[in-house]
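I opened my notebook today to look around a protein fold, one feature at a time. Come along and keep the picture beside you.

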Amino acid sequence: MATSGAAEILLRYDDDQDRQHFETLFASDFVIHAFATDQGALDYLPSAATIPTAIVLLPNRADDYLESSLLARARDHHPRILKILIGDAIALNLLVKLLDHQLVDRCFEQPVNPDVIRSHVLTAALTREVQTFSPDTSETHEGPKPAILIVDDEPTATRYLSRQLERMQDEFRVLSAISAEEAQLVLQKDSDVAVVMTDQRMPGMHGKELLDELRQSHPTIVRILTSAWGEVDVAMDAVNEGRIFRYQKKPWNAAELLSLFRKALVQHRTLVSARDRSRSIAEQQFAELRQQRRARLLEHLNERVDGFTGEPITADFLDALATVRTLPAQPPHLRASRETALEHDLVRDFAGMAGRQLSTLQPGHVHGIQNRQAFDQALANALENPAGTSETQTPLMALCQALATLMKASGLERSALELTRTESGLMVASASPLHMYSHLLAPITRLSRPLLEQQSALLMLFVSTRLLAGDIDMTGGDQCLRLSLHLPIQAD
């Protein structure tokens, strides 16, 4: 028997032996409701306690299901049900029609690997748990026009198709590339590409390989594979494992493609809405974790840092960090914080590193630097040896060591710092922004030593500036920050 809460499958079969074999394979994994007719399954759906995760079809003749009332009902009223067809021999034309009519989502030929079916059904069940909304795709979307990118090594045919599509509509732009490599360059330059249709057989990287990469790097781009060759195995693999939107046979028909691209743009907006919704939920949940992390950092650093300087340095440091905008929180960040020792290790390791660096500092306020030459020399020494080896440091040495560490992390040279003599001292400012892809208050999945060293250097910059009776101004941006220090010069 399947365990309570197991995913449910609505099985539509034609042959009783096929039903028995399927139940033997999967009855321990799923709750199976089997029906020999479409009408029987349709009568069951309204009374079902829960909507099935998947409909699995075991036909004698797969082409009979082009007119299936069950599949049409699932498509129109239950779009989140995964529809899987398992047949003996499935022609490419039939596969294309079933996909184009959105009657099936996956298609397998017998003999099928049970583990593959389990994986698809369980993935559908998990995905459906987090899909708690249906985005409105009918609304007008402002902003730049989306782009359709057509990738094919026959530029003449692509240009002709592009001109036809551009004359037929004003909803999207049409871009082209003659290879997967050129397509990747187009995607780097144009952030509004919503759909990619690529030929399978091209020199270099094949179309399916390109789409597999896009699935990871650009998950909201809708992917379409096209080919003039009747490669049903390639088409099935692209649909089942590559999760492409459609498989489109050549030769192309502009009117058919226009309809396909419009459907693909609706799917793109759905994917973008789902991504943004997921990010928003994750950000809201991470906001609470961020406050807890900040409180623990203050608890562990206040006595060490503020007690050392006699000023509320820690709070100022954390407030400044919060102005640096990093990538948004994702579910993996939440899992890392909730299910691992990440939060404990972050506070422990950072507080320990900060404590060790403070122990090398000579205490007491110095009330400024001697002169600009002293600063130049200390900075030059730090840039030559950014790791630092001194057992004790003056505040000026610590400040320059911190600057060197931050500049090295951003790949910047000495010229990135601007030094200006003022009436009351020396102004030190970063002419180029310093990169900070993550920080102590940002979503992370793991700790790294470079992260801790960069954050510790920034804290030491705050500490040493205050020990020199100076002022520090830090302005955060998108994964970057700008610094401005004012250091008084000691009176003769």
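**Entry 1: the sheet**

I started with a facing pair: L11 stands opposite A34, which belongs to strand 2. This is a predicted model, so I kept that in mind for each look-up because local features here need pLDDT of at least 70. Strand 1 (residues 8-13) pairs with strand 2 in the parallel sense, and I found five bridges in that pairing.

In what order do its five strands run? I read the order as 2-1-3-4-5, in an open sheet with parallel pairing. Strand 2 (31-35) and strand 5 (106-109) are the edge strands, each pairing on one side only.

Helix 3 (residues 69-77) lies across strand 1, strand 3 and strand 4 (82-87). Helix 3 runs at about 160° to strand 3.

**Entry 2: a loop residue**

I picked T53, in the loop between helix 2 (38-44) and strand 3 (54-58). Is T53 buried or exposed? T53 counts as buried because its relative accessibility is 5%, and the cut-off for buried is under 20%. I also took a distance: the C-alpha atoms of T53 and F30 are separated by 9.7 Å, with the two residues 23 apart along the chain.

**Entry 3: the cores**

A reminder I wrote for myself: in soluble globular proteins, nonpolar side chains tend to be buried together.

Which residues touch the most other members of the largest nonpolar core? They are F375, L458 and L461, in a core of 61 residues. Helix 16 (residues 449-467) gives the most to this core, with 10 residues.

Leaving out residues up to four places away in sequence, F375 touches I369, L396, L399, C400, L403, L419, L426, V428 and L487. There is also a second, separate core of 50 residues, and L42, L70, V96 and V193 are among its members.

**Entry 4: a cavity**

The largest cavity holds about 50 Å³ of space. Its lining includes L403, M407, V428, S430 and L485. Helix 15 (395-409), strand 12 (425-430) and strand 15 (480-488) each supply at least two residues of that lining.

Note on methods:
Residues numbered from 1 in each chain as written. Predicted model: local features only at pLDDT ≥ 70, side-chain atom pairs only at ≥ 80, totals over all residues. Heavy atoms only, no water. Core = buried A, V, L, I, M, F, W, Y, C linked by side-chain atoms within 4.5 Å. Buried < 20%, exposed > 50% of the residue type's maximum accessible area, 1.4 Å probe, protein only. Helix = DSSP H or I, 4+ residues; strand = E, 2+ residues; numbered from the N terminus. Contact = heavy atoms within 4.5 Å. Pairing = 2+ DSSP bridges. Axes fitted to C-alpha atoms, helices over the stretch in contact; angles between N-to-C directions. 1 Å grid on protein atoms, 1.4 Å probe; cavity = no way out; pocket = protein on both sides within 12 Å on 5 of 7 lines; lining within 4 Å. Points joined across faces, edges and corners; volume = space filled by probe spheres on them.
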